Amino acid sequence: MKAEELDRAKKLILDEWRRVVFGEFKPAVEVGEYLKSCTSRIVSGIVKIYAGKKVKGFEQAVEDYMRFMATDKNLSPGEAVMTLINLKKIIYRVFPDMGLEEYMRLDELMNQVAVIAFNTYSSIREEIFELRLMEKDKEKRMLERSIELVIQDQEFYDNIKITRRGKEFIH
């Protein structure tokens with residue numbers, strides 16, 4: 001498989017990859033455009049890198065893609081990265097007569113992409129977890145404040161009255 005052949009097959013590979021990854025998924029227009037953009041940049045980047053060219057913004061394309069994948073809490077890190085490995089399998093199917101040297105070159109490239117994807121996915125999931133934790137902490141503080149407001153100036157059976165100044169003992 002020569003770089004020129006891979007470049008000519010780029011659209012076929014991209015369409016097949018999108019079909020495998022997203023199936024019948026019909027996202028909102030904005031999300032659909034986002035996914036089209038990042039998947040196009042990934043496939044174009046792989047083709048250019050395979051051809052030995054420098055690619056500006058390739059890691060950003062992988063990050064954008066993995067950012068979307070990380071929002072699915074039912075998707076494991078391995079499953080998310082596997083969607084990129086599926087791209088490698090599609091390329092192998094398009095070029096079944098690939099020589100061993102070409103196979104190894106593409107395999108190494110896709111391994112590097114998988115590492116970038118996994119690291120990105122992990123850091124994004126960590127960010128999402130921290131945001132959820134902050135939201136839970138905010139909810140907890142709001143609940144505590146609500147409880148304080150409800151019980152203020154209330155008398156209890158253990159001779160304690162809760163006021164804005166704190167606890168007072170009732171004699």
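**Entry 1: a pair in helix 6**
I started with E144, which is partly exposed at a relative accessible area of 39%. I kept in mind that this is a predicted model. E144 forms a salt bridge with K140, and their closest N and O atoms are 3.8 Å apart. I checked where they sit: both lie in helix 6, 4 residues apart, about one turn of the helix. K140 is partly exposed too, with a relative accessible area of 48%.

**Entry 2: another pair in helix 6**
I looked up R141 and D137 next, and their side chains meet in a salt bridge of 2.5 Å, N to O. These two also lie in helix 6, 4 residues apart. R141 has 47% relative accessibility, so I noted it as partly exposed. D137, at 35%, counts as partly exposed as well.

**Entry 3: over to helix 4**
Which residue does E63 meet in a salt bridge? I found R67, at 3.0 Å from N to O. Both belong to helix 4 (residues 58–70), about one turn apart. E63 is partly exposed at 25%, and R67 is partly exposed at 30%. My search of the whole structure gave 10 salt bridges.

**Entry 4: two helices together**
I then compared helix 5 (residues 77–94) with helix 6: their axes come within 9 Å and cross at roughly 160°. Angles over 145 degrees count as roughly antiparallel, so helix 5 is roughly antiparallel to helix 6. I noted their crossing as right-handed.

**Entry 5: a nonpolar patch**
Last, I found L100, Y103 and M104 making a nonpolar surface patch of about 330 Å². L100 is in helix 6 (residues 100–151), and at 65% relative accessibility L100 counts as exposed.

Note on methods. Residues are numbered from 1 along each chain as its sequence is written. This is a predicted model: local features need pLDDT of at least 70, side-chain atom pairs count only at pLDDT 80 or more; totals for chains, interfaces and linings use all residues. Side-chain values use heavy atoms; hydrogens and water are left out. Patches are made of residues with over 30% relative accessible area and no salt bridge: like charges are joined within 9 Å, nonpolar side chains (Val, Leu, Ile, Met, Phe, Trp, Tyr) within 5 Å. Accessible areas come from the Shrake-Rupley method with a 1.4 Å probe; for residues, only the protein chains shown count as cover. A salt bridge is a side-chain nitrogen of Lys or Arg within 4 Å of a carboxyl oxygen of Asp or Glu. Buried means under 20% relative accessible area, exposed over 50%, partly exposed in between (1.4 Å probe, protein chains only). Axes are lines fitted to C-alpha atoms, for helices over the stretch in contact, and angles run from 0 to 180 degrees between N-to-C directions. Angles under 35 degrees count as roughly parallel, over 145 as roughly antiparallel, 65 to 115 as roughly perpendicular and the rest as oblique. A crossing is left-handed if the near helix is turned anticlockwise from the far one by less than a right angle, and right-handed if clockwise.
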